[in-house]
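Open the model in your viewer and keep the sequence panel beside it. We will go stop by stop, selecting as we go.

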Amino acid sequence: MAGGPAKRRKPKGSQRDISDATLRRFSGYNMKRAFNTVQTDVNRVLAPFGLRMVTFSALVIIVDNPGLRQSQLADALSVERPNLVLIVDDLERRGLISRNPSPKDRRAYALNPTDDGAKLYRAAVAAVGDHDAWITRHLSDAERAALIPVLQRIEAADRAEVPEEKASGRSQTS
């Protein structure tokens with residue numbers, strides 16, 4: 001499945017143009033805007049598989065880590081546990097995963113892909129790979145190679161270092 005351009009609606013014009021120039025100076029705002037573009041388009045790519053970004057992500061983590069517990073999946077996806085139950089219920093109801101008592105901890109459930117889930121995983125990962133190539137098509141090879149490591153460094157630094165403002169409870173601008 002190709003990750004071609006999505007049909008996007010242009011915002012309706014108003015009597016005056018709205019400027020977000022001040023916000024465009026902030027990396028967080030630009031990342032959020034880029035993410036909104038990616039999320040909308042990847043959800044379009046995943047729709048024929050009956051998946052959304054969050055259910056695709058859960059299926060991928062389960063296939064790549066068979067037997068993991070629901071709490072581990074929630075942590076991996078940074079999803080609240082009550083919200084995760086809905087995601088897991090959806091995947092189980094569709095026959096893409098099984099949820100059984102964990103052999104290591106009977107209070108927990110082990111999540112495993114079914115054959116249908118593994119088959120859908122392979123097709124959806126290929127489609128998202130095509131989409132990823134398409135969405136980064138305007139980047140140079142060097143920019144494409146640097147993009148993921150740079151984003152991962154931002155994520156890792158945020159987990160490792162808590163800025164004073166964050167620790168004191170003051171709100172962040174971006």
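Start with the aromatic rings. How many aromatic pairs does a search of the whole structure find? The search of this predicted model finds 0 aromatic pairs. A pair of aromatic rings would be described by the distance of the centres and the angle of the planes.

Stay with rings for one more selection. Pick W134 and R137. The charged end of R137 sits over the ring of W134. Its distance from the ring centre is 4.0 Å.

Now show the whole chain as a cartoon. There are 7 helices and 3 strands. Follow them along the sequence and you read α-α-β-α-α-β-β-α-α-α. Of the 174 residues, 26% count as buried. Contacts can be sorted by sequence separation. Among those between residues at least 6 apart, 55% join residues at least 24 apart.

Next, go inside. In soluble globular proteins, nonpolar side chains tend to be buried together. Here the largest nonpolar core has 28 residues. Select L46, L51, L59, L73 and L91, the residues with the most contacts inside this core. Then colour the helices that line up behind the numbers: α1 (27-46), α2 (53-64), α3 (70-77), α4 (81-93) and α5 (115-135) each supply at least two core residues. Which helix gives the most? That is α2, with 7 residues.

Zoom in on α2. This helix has 12 residues. From its first C-alpha to its last, α2 reaches 16 Å, close to the 16 Å expected at 1.5 Å a residue. An α-helix has 3.6 residues a turn, so residues three or four places apart point the same way.

Move to L73. What does this residue touch beyond four places in sequence? Select A58, I61, I62, L68, L84, V88 and L111 to see its contacts. L73 is also on the list of core residues with the most contacts.

Last stop: S78. Find this residue in the loop between α3 and α4. Check its backbone: S78 has a positive phi of about 55 degrees, although this residue is not a glycine. Is S78 buried or exposed? S78 has a relative accessible area of 70%, so this residue counts as exposed.

Methods
Residues are numbered from 1 along each chain as its sequence is written. This is a predicted model: local features need pLDDT of at least 70, side-chain atom pairs count only at pLDDT 80 or more; totals for chains, interfaces and linings use all residues. Side-chain values use heavy atoms; hydrogens and water are left out. A nonpolar core is a set of buried Ala, Val, Leu, Ile, Met, Phe, Trp, Tyr and Cys residues joined through side-chain atoms within 4.5 Å. Buried means under 20% relative accessible area, exposed over 50%, partly exposed in between (1.4 Å probe, protein chains only). Helices (H or I, at least four residues) and strands (E, at least two) are DSSP runs, numbered from the N terminus. Contact means heavy atoms within 4.5 Å. Rings of Phe, Tyr and Trp (its six-membered ring) pair if their centres lie within 6.5 Å; planes under 30 degrees apart count as stacked, over 60 as edge-to-face and the rest as tilted. A charge sits over a ring if NZ of Lys or CZ of Arg is within 6 Å of the ring centre and within 35 degrees of the ring normal. The expected span of a helix is 1.5 Å times one less than its number of residues.
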